Amino acid sequence: MWSNARRLGAVASLCALLLSACAHRPETVQTVPEPGQGTPVPHKRLDERLAPEVSVETRRGAAASLARVPPSHCPFGRPSYTGSEPEGPTEHIARDGYELLHSPVFKGPFWVCEKYTRASLVSRYDRHGLDFDPDPLLRLDHATDADYRDRTAYGFHIGHMAPAAAHSSTSARIADTFYYSNAIPQNSSLNSGMWANVEACARDSLPVNGVAWVITGPAYAPEPGEYLTYIGDFLHVPTHVWKVVVMQDEGGALTSWAIIVPNEKLPQGYRYETYQRSIDQVERITGFDLLPDLLDQAEKGLERKVPAYPCNRRR
């Protein structure tokens, strides 16, 4: 017969053995396909990719517009995911010039909302001396300088979603557009060509004495059998980029236009009309209800039409 002391010693030894086995059990990691191949490669678990705490101070030294909570830039409701939930967690960021929903999985925004008025579009500052920084308000995984270091070798620019040219009325607002949370890896030809004209059209089509709300974002919609690609440390490259513009004149009437473009070099002689879409079509490819609080009757008239591109530019 064992004494009580021997029994307790045996139990303690068994517990220590079990704890040791648990501590050395191999971790299970999710996998994602290697771009262009079917062989999976290890994909870091989200809790391993949490970003370290960073200071709200920025390298550029501009005053950050974070002293108060800005009003919503999405007057018809923040875009809401039409499925159960977006892939992975998200973080919402609101600044004086825009607000966005950020994905730590894709390391970029799902959508960015802006409000344009004649006063907000007055240009007083340029982008000279401004460089992109990691967003100090994000705590989950997000893009850094290292993710974009080799972008030119792959043919990408750091593409604004809320463009700097639309927020040059104050030094703080234009500085706020230079966060990676407000950007995607965008094809360099597209960014400096057709997309620059689309951004200018959103500003130029503002009604006299009216207001415009602009929603911009990427889409991650590879063709069947294809995979998303990435640069850096899993900074995903969107397959498309889109913009929705809702305008209200001084009488309260609403009009809109929408466009969605492949994130690639476009063919010679392209026509803007080729890429025009209804808001409904943009919502289907993104998975977001972009104007969730719009009244049903107004929604039917606004979201289902494919209105003419207002700036009539061609290449």
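Author: Start with the classes: Ala, Val, Leu, Ile, Met, Phe, Trp, Tyr, Cys and Pro count as nonpolar, Asp, Glu, Lys and Arg as charged, and the others, Gly among them, as polar. By that scheme, the lining of the largest cavity has nine nonpolar residues, two polar and no charged ones.

This is a predicted model, where local features need pLDDT of at least 70, side-chain atom pairs count only at pLDDT 80 or more, and totals for chains, interfaces and linings use all residues. Residues are numbered from 1 along each chain as its sequence is written, and side-chain values use heavy atoms, with hydrogens and water left out.

A cavity is a set of points, on a 1 Å grid over the protein atoms alone, where a 1.4 Å probe fits but cannot get out; lining residues have an atom within 4 Å of a point. Grid points are joined across faces, edges and corners, and the volume is the space filled by probe spheres set on the points. A search of the whole structure finds one cavity of 30 Å³ or more. The largest has a volume of about 50 Å³. Its lining includes His73, Phe76, Gly77, Cys113 and Trp213.

Now the cores. A nonpolar core joins buried Ala, Val, Leu, Ile, Met, Phe, Trp, Tyr and Cys residues through side-chain atoms within 4.5 Å. Buried means under 20% relative accessible area (1.4 Å probe, protein chains only). The largest core has 33 residues. Among those with the most contacts inside it are Tyr116 and Trp257. A second, separate core has 25 residues, including Phe76 and Val211. Phe76 also lines the largest cavity.

Terms used. Buried means under 20% relative accessible area, exposed over 50%, partly exposed in between (1.4 Å probe, protein chains only). On a 1 Å grid over the protein atoms alone, a cavity is a set of points where a 1.4 Å probe fits but cannot get out, and a pocket is an open set with protein on both sides within 12 Å along at least five of seven lines; lining residues have an atom within 4 Å of a point.
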